[in-house]
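The tour below goes selection by selection.

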Amino acid sequence: MLDLINVSYDTQIPNNVGLSSDRRVLKALEKWHPGYINWWKGLIPQNFQESLVYLRTAISVDPKGWAKFGYVKMPEYRWGVLLAPQVEDRRIPCGEHVGEPAWQEVPGEYRALMRRLIVIQGDTEPASVEQQKFLALSAPSLYDMRNLFQVNVEEGRHLWAMVYLLHKYFGADGREEADELLLRQSGSDEKPRMLGAFNEETPDWLSFFMFTYFTDRDGKMQLEALAQSGFDPLSRTCRFMLTEEAHHMFVGETGVGRTIQRTCEAMNAAGITDPYDINAVRALGVIDLPTIQKKLNLHYTLSLDLFGQEVSTNAANAFNAGIKGRYQEHKLEDDHKLTNDTYPVAEYLDGKILLKDAPALTAVNMRLRDDYTKDAAGGVGRWNAIIKKHNIEFALALPHEGFHRQIGIFNEAPITPDGNVISRDEWDAQRDQWLPSKADGDYIASLMKPVSEPGQYAGWIAPPRVGIDNKPGDFEYVQLHMA
Ligand SMILES: [Fe+2]
Ligand SMILES: [Fe+2]
């Protein structure tokens, strides 16, 4: 049991921000910490709170020190406050202040906008842990359970990172926002999380893998944009968070890949060549490829919605202020102001999809989303290579940007995954061919039986090719049963 009163914050919160000599912020974090631990303890099912989990912990930001592996009980995980090293003479990379020295304090005129962006980012971190809280009960292996918990503790650390910024730079209203971050709950009617996708359920492990592949990748893109911020502490925080985010997407990509692999292996062994013979494939106890495509459709489109309106004055303001840049702003070669540039944005008018040129400044969300789509396509290609290797004629694909949207230009538009506009009635009639149906959900749920013998895997998923931290195949990633 963690001693909450005598916590030595010098050692309990690994940090490289000089917490021990920053009494004001230290006190604020000390006050916030018990609420955080309460939140964590009410969340993860009780038996796992006592398990020893083989986790990596960030204790410094240098490449050798930040990933220390060892067994730890999750409530005793050392959530740290870590910023990437300061870049000497860093400049504001975009907008009207481009080229001026980066800010070390928040400029008064941008305070409200900056706080809002930090709160929105912060809100997603605990939300995903809430969405995933019951998954450990049906983990297909100890390896997967450990990966789930690794993602969870790091999302917890990301919350810490945003809360540190709120406490350090935003005074009383920052403290209030930090408290609110523990009060909202994913899926709650009264106090839901701020963004739609973070109030959806993560009902099964295939959803978890799709979520970490597609939705954590939205997180990556938002962090990339904030890593370009002229507000240097925010930039440094996000740069370090990105190193952790890469693992979350690895969990997603390999999780979906292993699911596909197992399906293909089972089909090959049974001599089934038609991927659409769903009953025959399901009789093998694996997830048929068309259902995997439906899950992909769902999670990809929910993630597209997270980028907000394609054309947005708020986004233009944030860019122009130098608070949020484009993806890899520092590598782009233009004037970084976008005042006279245009960017192609789709338009949906009278049932037709057109492309028009919008002012580039107001289209920065769209541009970030396009970069996201390019990034997300990479893994889909690697999944298809697995299918191809097993000589099965089937290819997964990202659906059209207008399909199944709830935000922006295509909100509620009846568009097929191929990008054809059809009538609302036709769309509704075909919905279950494109998105997971109740029956698909029930089938997947029937496969979600926990496997907790070291080295053993549920029948619907292949083992990983290599272990975490190069551990052997039968390594006990989670010691569940403590004396
Ligand atoms: Fe995160
Ligand atoms: Fe993440």
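Is the crossing of α7 and α12 left-handed or right-handed? Keep that in mind while making the selections; note that the model is a predicted one.

**Stop 1: the helix pair.** Select residues 205-227, which are helix α7, and residues 364-389, which are helix α12. The two pack with their axes 10 Å apart, at an angle of about 135°. As for the handedness, α7 and α12 cross in the right-handed sense.

**Stop 2: the contact between them.** Show side chains on α7 for Tyr213, Phe214, Arg217, Asp218, Met221 and Ala225. On α12, show Leu368, Asp371, Tyr372, Asp375, Ala376 and Gly379. Together these residues make the contact. By class, the contact of α7 with α12 has seven nonpolar residues, four charged and one polar.

**Stop 3: the sheet.** Next, select strands β2, β1 and β5, which in that order form an open sheet of three strands with antiparallel pairing. At the edges are β2 (68-72) and β5 (478-479), each of which pairs on one side only. Select residues 52-57 for β1; five bridges join β1 to β2 in the antiparallel sense. To see a bridge, pick Tyr54, whose partner in β2 is Tyr71.

Definitions and conventions:
Residues numbered from 1 in each chain as written. Chains lettered and ligands numbered in written order. Predicted model: local features only at pLDDT ≥ 70, side-chain atom pairs only at ≥ 80, totals over all residues. Pairing = 2+ DSSP bridges. Helix = DSSP H or I, 4+ residues; strand = E, 2+ residues; numbered from the N terminus. Axes fitted to C-alpha atoms, helices over the stretch in contact; angles between N-to-C directions. Left-handed = near helix turned anticlockwise from the far one by under 90°. Contact = placed C-beta atoms within 7 Å. Nonpolar A, V, L, I, M, F, W, Y, C, P; charged D, E, K, R; others polar.
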